[in-house]
Amino acid sequence: MLKLKNSLIASAILTAFLSPLSIAEEAQSAVIDNEATEGEFHDADPRNSNWRGGIAADHNGQIKLAAGGGQGSATTQTNLLGEYYTESENFRFRLAHFDARFGGVYADLYRLTDLTNMYTAGYMLPLKTAEGTMFFPSVNYTYVDWDVEGISDNINTNCRNYGDLENGLCKGIADFGGANGANVAKILGSDESHMSSLNLYVLQPWNETHYTVLNANMGKSFDGVEMNVVNLMWLQGIRTHLGDNILNIYLEVKYDVLQVDSALYNPISGQGSVKSEETVGTIGFDFRF
C-alpha cells in the first residue's frame with residue numbers, strides 16, 4: 001500500500017483512500033425489509049450484526065484480518081468492526097447504529113502508520129426496491145490529521161532509494177529546504193484536511209448463494225489540503241457453508257483516484273496538482289457465526 005506512485009506525496013496520501021469512506025464497504029454476503037429480525041439480514045447488508053471473522057489478500061501481498069459483530073432486533077442494530085493490515089500495520093475501527101425509524105449513523109477511525117489518522121462520521125439511509133435490490137446512500141464528513149513527519153520520512157527514504165521522479169518532486173523538495181514536517185505542511189498547504197463525501201453502496205442478491213456489491217464514493221476537501229477523491233469498488237460474492245458456519249468467498253476489485261492541488265507544485269504559474277491512480281484486486285473469506 002505504501003509503494004511509490006506518480007508522486008511521493010500523492011502515494012502517501014492515496015493510502016488513506018484505498019477504501020471508500022462508508023461503513024458499508026466491509027459488509028460481505030438474504031435481503032429483507034426493515035421489519036426483519038437480525039438473523040435474516042443478508043451478509044452483505046451493513047445492518048447484519050452477526051459475529052464474523054475474515055481474512056483477505058490483495059495482489060500486492062497485503063493481508064487483512066477482520067473481526068466484528070454486535071447485537072440487533074427487528075428495529076435496531078448496532079455493529080462494530082475492526083481490521084488490521086499485516087504488512088503496513090495499519091488498523092481501522094468502525095461503529096454503526098441503525099434504527100428503522102431514521103436510518104443509520106456511524107463513526108470510523110482509520111490509522112495509517114506514519115501517514116495520518118482519519119476520523120469519519122456519516123449518515124446512511126437503507127432503501128429497497130420491489131425487485132430486491134438494496135441501496136445505501138450516505139453522506140460523510142472526514143477529518144484528516146496528516147502525520148507530516150511520517151510523510152517527510154517516506155519522501156526522504158524513497159528519494160534516496162529511487163532518485164528523482166518525472167515531476168521533479170525530489171529536486172523540488174531539496175530546493176525548498178529538504179523534506180521535514182514543516183516543509184511538507186507548506187507544500188501540501190496544511191497539516192490537516194476537512195472533507196465531505198457522497199457514497200452509494202448497492203447490494204444485488206441474484207439468488208440464495210450469489211450476490212454482487214457495487215460502491216461508488218466521491219469526496220472533496222473544503223478546508224486544509226486541497227484534494228479530490230474518487231473510489232469505485234465491485235465485489236462478487238458466493239455464500240456457502242464451512243461446517244456449521246456460513247462462509248462467504250469474494251473477489252473484489254477497487255479503483256482509486258486522488259488529485260492533490262497546491263500552488264507550490266508549480267510556483268511559476270501558481271497552479272499545480274499531483275494525480276495518483278491505483279487498481280487493487282483482492283480475494284477474501286468472511287465467516288459468520
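Reader: How many bridges join strand E1 to strand E2, and do they run parallel or antiparallel?

Author: This is a predicted model. In it, E1 (residues 52-58) and E2 (residues 63-72) run antiparallel and are joined by six bridges.

Reader: Which residue is the bridge partner of Ala 57 in E2?

Author: Ala 57 has Ile 63 as its bridge partner there.

Reader: And what lies between E1 and E2?

Author: The two strands form a hairpin with four residues between them. In that turn, Gly 61 has a positive phi of about 95 degrees.

Reader: Moving along, how many bridges join E2 to strand E3?

Author: Nine bridges connect E2 with E3 (residues 76-85), and this pair runs antiparallel. One of the pairings sets Leu 65 against Tyr 84, its bridge partner in E3. The hairpin from E2 to E3 passes through three residues.

Reader: Now the helix. Is H4 mostly covered or mostly exposed?

Author: Helix H4, which spans residues 181-188, is mostly covered, with six of its eight residues buried.

Reader: Which residues are buried in H4?

Author: They are Gly 181, Asn 183, Val 184, Ala 185, Ile 187 and Leu 188.

Reader: What does the side chain of Asn 180 reach at the start of H4?

Author: A side-chain oxygen of Asn 180 comes to within 3.2 Å of the backbone nitrogen of Ala 182.

Reader: And which residue takes a positive phi just after H4?

Author: That is Gly 189, with a positive phi of about 100 degrees.

Terms used:
Residues are numbered from 1 along each chain as its sequence is written. This is a predicted model: local features need pLDDT of at least 70, side-chain atom pairs count only at pLDDT 80 or more; totals for chains, interfaces and linings use all residues. Side-chain values use heavy atoms; hydrogens and water are left out. Buried means under 20% relative accessible area, exposed over 50%, partly exposed in between (1.4 Å probe, protein chains only). A polar contact is a pair of N or O atoms within 3.5 Å; within protein, one must be able to donate a hydrogen and the other to accept it, and residues adjacent in sequence count only if both atoms are side-chain atoms. Two strands pair if DSSP finds at least two bridges between them.
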